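Hi,

Here is the structure I said I would pass on.

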Amino acid sequence: MNAPDPAPASASAPAASATGDAATARPAIPSITLGPYTVRFVSGGRFRLDGGAMFGVVPKTLWSRVAPADEKNRIRMGMNCLLIEGNGKRVLVDAGSGSKNDPKFHEIYAIERPEGLLEELASLGVSPEGIDTVALTHLHFDHCGGGTARDADGSVHPTFPRARYLARRQEWNDAHHANERNRASYFPDNYDPLEASGQLTIHEDDVEILPGVSMRLLPGHTLGHQGVFFDLPGQRALYTVDLIPTVAHLPLAYIMGYDLYPMMTLETKRAILADATRENWLFLFEHDPDIMAVRVAGSVDKVLSEKVA
């Protein structure tokens, strides 16, 4: 059955401020409109990861064409969180790495502007108290670390005091039973205080976070890894999270070495790309440092993309 032509998604970004040093000024916050929702890409900062690990079995001669590495073989990465506003609600999807970690940690991952999430929210007139829901796609530090903050006395509390936080049961269990392969990504201070505060809802299955917007299982990176699907009249969009972390990962074989279950990732990705290219979905990227969203076409074996934001 042929899908209806997708309704256009409008993209916008407010003009940059004329004040401050132009060389260091942060870019305007990009946004798109999906049905009744304004979706803004608020930055939780930037960091770098090993390029070989980010592209798995793909040779460097190929991946370096689309993601140049630094002298330590690391590539630039964004932490692009989503602020979804509509129906009288504000939902934050993922929260970046946060500022709790020590300088050595920041040096290893070349983390820049970990405080950027709260700064960008404030620039939009959104206080921490103004967030209704924080939907955590999974519990790796670069996705949930900003959901908690450390006080001067060393205690850790939820960053968003009135929000309901969401985490999937499978991911919660895996985070609390980490092993030698994945424990470097899981830090209890990023999520245990959410349970202690009573703000955490652990869900067993897929969950609707707003009408027409749901967080659903996309396994492979971890067993509990999720994406956010926008199923709106005439529009389909997916926040791809770590299934397709950047636009450079659109080819089917471009799968991260960090994925715990790469063959599962392959089949999850194959199924998503089949639907997305046939129906011209929007893909929203969490880790691309420059491109926030594209519309896809073509086929599973040759994905075509057009930048939207």
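**What I found, starting with aspartate 94**

The side chain of aspartate 94 makes a polar contact with the side chain of threonine 137, at 2.8 Å. (A polar contact is a pair of N or O atoms within 3.5 Å; within protein, one must be able to donate a hydrogen and the other to accept it, and residues adjacent in sequence count only if both atoms are side-chain atoms.) Histidine 143 also has a polar contact with aspartate 94, side chain to side chain, at 2.9 Å.

Before going on: this is a predicted model, where local features need pLDDT of at least 70 and side-chain atom pairs count only at pLDDT 80 or more, while totals for chains, interfaces and linings use all residues. Residues are numbered from 1 along each chain as its sequence is written, and side-chain values use heavy atoms, with hydrogens and water left out.

Back to aspartate 94, which sits in the loop between strand E5 (89-93) and helix H3 (103-108). (Helices, H or I with at least four residues, and strands, E with at least two, are DSSP runs numbered from the N terminus.) Aspartate 94 is buried but has no salt bridge, and the nearest side chain of opposite charge, arginine 168, is 13 Å away. Buried means under 20% relative accessible area, exposed over 50%, and partly exposed in between (1.4 Å probe, protein chains only). A salt bridge is a side-chain nitrogen of Lys or Arg within 4 Å of a carboxyl oxygen of Asp or Glu. For charge, Lys and Arg count as positive and Asp and Glu as negative; His and the chain ends are not counted.

Next, the nonpolar cores (sets of buried Ala, Val, Leu, Ile, Met, Phe, Trp, Tyr and Cys residues joined through side-chain atoms within 4.5 Å). The largest has 27 residues, and Val93 is one of those that touch the most other members. A second, separate core has 24 residues, including Ala95 and Ile131. Leaving aside neighbours within four places in sequence, valine 93 is in contact (heavy atoms within 4.5 Å) with residues including Cys81, Thr137 and Tyr239.

What about disulfides, meaning pairs of cysteine sulfur atoms within 2.5 Å? The structure holds 0 of them. The sulfur of cysteine 81 has its closest cysteine sulfur in cysteine 144, 11 Å away, which is too far for a bond. Cysteine 81 counts as buried because its relative accessibility is 0%, and cysteine 144 is buried too, at 1%.

How many salt bridges are there? The structure holds 16. Arginine 168 forms one with aspartate 206, the closest N and O atoms being 3.0 Å apart. That pair links distant parts of the chain, 38 residues apart, with arginine 168 in strand E9 (residues 164-168) and aspartate 206 in the loop between strand E10 (200-203) and strand E11 (207-210). Arginine 168 is buried at 7% relative accessibility, whereas aspartate 206 is partly exposed at 43%.

Helix H8 (residues 262-279) holds glutamate 267 and arginine 270, which are 3 residues apart and so separated by about one helical turn. Their side chains meet in a salt bridge (3.2 Å, N to O). Arginine 278 pairs with aspartate 275 as well, with the closest N and O atoms 2.7 Å apart. Salt bridges that share partners join Arg216, Asp231, Arg236, Asp275, Arg278 and Glu279 into one network.

Cheers

Note on methods: Disulfide = S-S within 2.5 Å.
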